Amino acid sequence: MNLKYKYWWFDSAIPSRVCDNIRKHGLNKIMKPAITKGEIDELEKAGKLTDEHLKMLRENIRDSNISWLTEKWVYREIMPYITKANKAAGWNHQFDFAEPIQFTQYKLNQYYKFHMDCNEEPYDRPSEPGYHKKIRKLSFIAFLSDPSEYEGGQLEFDFRNFNDDEDTIWPCKEIFSKGSVVVFPSFLWHRVTPITSGERYSLVAWALGNPYV
């Protein structure tokens with residue numbers, strides 16, 4: 001699939017006070033080490049869901065802390081940007097709703113290696129009609145920290161599926177400001193480089209829809 005715009009951004013879109021409210025709210029929730037559901041499912045199937053294996057995944061794939069937000073006021077802040085970006089970038093992806101929103105904290109040396117947000121197969125959740133047979137179509141990230149609060153933690157894309165050249169890594173330089181937002185198709189490879197000082201806070205969401213035909 002050729003995309004004229006591989007991601008769409010909004011500079012300093014969310015007001016600083018709203019970023020602070022979301023940040024305070026996320027930190028008041030129970031923060032847990034981050035690990036994806038797909039990784040957990042694989043470990044459970046293999047009968048290897050142990051603390052040792054979870055530690056291994058965090059060391060090799062992802063190391064951050066998260067809590068989950070489902071409050072309507074948070075959705076009201078983020079959903080308009082997903083809708084606007086989808087139209088402005090010309091993707092026009094069909095989607096139905098967004099999953100629970102992930103509040104993410106990256107401390108010193110924490111990171112997330114290259115990954116895609118979409119799973120290989122649609123959700124298999126017959127008891128949850130809203131999720132069943134849906135896939136992640138669009139990903140959303142909002143930056144809740146001021147750039148002066150941390151170093152490192154760069155969001156980078158890897159356009160390996162679109163570029164045969166050797167260097168396919170593309171730093172997303174447009175969204176350093178607090179309150180900035182970036183939206184992109186969930187099948188794009190991306191990462192967060194290690195934090196070298198301070199702490200970085202962000203909000204992540206995924207819009208679900210029908211599989212591509």
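Predicted model: local features only at pLDDT ≥ 70, side-chain atom pairs only at ≥ 80, totals over all residues.
Arg125 lies over the face of Tyr123, at 4.5 Å from the ring centre. The charged end of Arg125 also sits over the ring of Tyr131, again 4.5 Å from the centre of that ring. Tyr123 and Tyr131 are themselves an aromatic pair, with 5.7 Å from centre to centre and 80 degrees between the planes, an edge-to-face arrangement. Both tyrosines are buried.

Other aromatic residues also pair up. The count for the structure comes to 12 aromatic pairs. In one of them, the ring centres of Tyr5 and Trp8 are 5.1 Å apart and the planes meet at 85 degrees, so this pair is edge-to-face. One aromatic cluster is formed by Tyr7, Trp9, Phe157, Phe159, Trp170 and Phe184.

The chain as a whole can be described next. Its 213 residues are 46% buried, and the chain contains 4 helices and 15 strands. Of the contacts with a separation of 6 or more, 86% are between residues 24 or more positions apart.

Helix H1 covers residues 16-28. Its 13 residues, at 1.5 Å a residue, should span 18 Å, which agrees with the 18 Å between its end C-alpha atoms. Which residues of H1 are buried? They are Val18, Cys19, Ile22, Arg23 and Gly26. Seen down the helix axis, the buried residues fall within an arc of 135 degrees, so they line one face of H1. An α-helix has 3.6 residues a turn, so residues three or four places apart point the same way. On the other side of H1, Arg17, Lys24 and Asn28 are exposed. The buried residues of H1 are covered by elements that include strand E4 (65-69), helix H4 (72-88) and strand E6 (101-106). Strands E8 (135-143) and E15 (200-209) are also among the covering elements.

Cys19, one of the buried residues of H1, has a relative accessibility of 0%. Cys172 is likewise buried, with a relative accessible area of 0%. How many disulfides does a search of the whole structure find? The search finds 0 disulfides.

Strand E15, named above as part of the cover over H1, contains Ala207. This alanine is buried, because its relative accessible area is 0%. Leaving aside residues up to four places away in sequence, Ala207 touches Ile82, Phe95, Phe97, Ala98, Ile135, Arg136, Lys137 and Leu138. Ala207 and Ile135 are 72 residues apart along the chain, yet their C-alpha atoms are separated by 8.4 Å.

Ile135 can also be placed relative to Glu121. These two residues are 14 residues apart along the chain, and their C-alpha atoms are separated by 7.5 Å. Glu121 belongs to the loop between strand E7 (111-115) and E8. Is Glu121 buried or exposed? Glu121 is exposed, with a relative accessible area of 59%, whereas Ala207 is buried.

Key
Residues numbered from 1 in each chain as written. Heavy atoms only, no water. Phe/Tyr/Trp six-rings, centres within 6.5 Å; stacked < 30°, edge-to-face > 60°. Buried < 20%, exposed > 50% of the residue type's maximum accessible area, 1.4 Å probe, protein only. Lys NZ or Arg CZ within 6 Å of the ring centre and 35° of its normal. Helix = DSSP H or I, 4+ residues; strand = E, 2+ residues; numbered from the N terminus. Expected span 1.5 Å × (residues − 1). Arc of directions from axis to C-beta. Contact = heavy atoms within 4.5 Å. Disulfide = S-S within 2.5 Å.
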